[in-house]
Amino acid sequence: MKNKEKPNLNNSQVYQTKQLVEILKKSPFESMGNLINYISPNRENKISERTFHRIKATLRDDYGIVVKYSRANEGFYLDEEKSINIESFLSHMEILATGEQISHNLNGNNNSLSFIEFENRSAIEVIPNFKSVLDAIQQNFPISFIHNSFYYYKEIKEQEYTLNPYYLKQYQNRWYVVGETEKGYRTFGLDRIKNIETGTKKFKSKINEAKEKFSHVVGLNTMDHKLQTIKLSFHISQKLYVESLPLHNSQKQINLDNHKSFDISLNIHPNFEFSQQILKYGSMVKVLEPKWLAEEIKEELRKGFEGYL
């Protein structure tokens, strides 16, 4: 009996998988007809029902995203309980779509890269470490490496670690591996580790526990403060920006009757990275609650002001 081949999609259909997931996130229980209309290039080039099912199969088999049909609601929906991280999938597809556009333009114009400026080189520099660490994660093998810490500004502090790596996390255009050492959960920047060696004794993955532990933080540090509700008030001019780039996935708008500011609440462990996010808005944001965080931010602003005197 021949092995069943995975469905192969062309570049246009790769983008359509992203469209399908985005539509179902915003509007579950759409009919097949509506979904086909939404993700088809145009009215003259509608995709077939067969292609629609190929896209569904690829989402399930290649990406772990499960699309099901609900007879009760007469439409399709995302089965989030049985799907792997949907937000990670959408980010991945955004990278693929952008790369395809750049590649397409390069084929017709050797000058295309002169019109594009990338943020920095960090993503390129970590590629060798990225593959080594990802391979270890997928096989449940521990890794040993030398880590250079940024916290020692007078000299580079090198230390050896052994880690059970659970997953990779991107933050501010840098990649980090999240895992567990003998002293507990840690994160390590891939651009600051070297001499990686992969062990042979498998460990039991705790990826769900690890993701839950880091799900209530902005950035990488879970140890600074207990989980609590933070309330911020932004200048109304920042509303669209903060809505389109939420500080955290728990972000919710509050004080809806107030049209002079844009107020939000977050349920997080406040940490250094979160304070840095607040400080970057300067006078455009004010901490409403808790009081201790408002005082802490005020003190940081005061120190910054005194540095100019």
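Reply: Arginine 302 is partly exposed, with a relative accessible area of 36%, where buried means under 20%, exposed over 50% and partly exposed in between, using a 1.4 Å probe and protein chains only. Please keep in mind that this is a predicted model, in which local features need pLDDT of at least 70, side-chain atom pairs count only at pLDDT 80 or more, and totals for chains, interfaces and linings use all residues. Residues are numbered from 1 along each chain as its sequence is written, and side-chain values use heavy atoms, with hydrogens and water left out.

Me: Ok, and which side chains meet arginine 302 in a salt bridge?

Reply: The side chain of glutamate 299 does so at 2.3 Å, N to O, and that of glutamate 306 at 2.5 Å, N to O, a salt bridge being a side-chain nitrogen of Lys or Arg within 4 Å of a carboxyl oxygen of Asp or Glu.

Me: New topic: how many salt bridges does the structure hold?

Reply: The structure holds eleven, among them the one between the side chains of lysine 131 and aspartate 135, at 2.9 Å, N to O.

Me: And is lysine 131 buried or exposed?

Reply: Lysine 131 counts as exposed because its relative accessibility is 54%, whereas aspartate 135, at 27%, counts as partly exposed.
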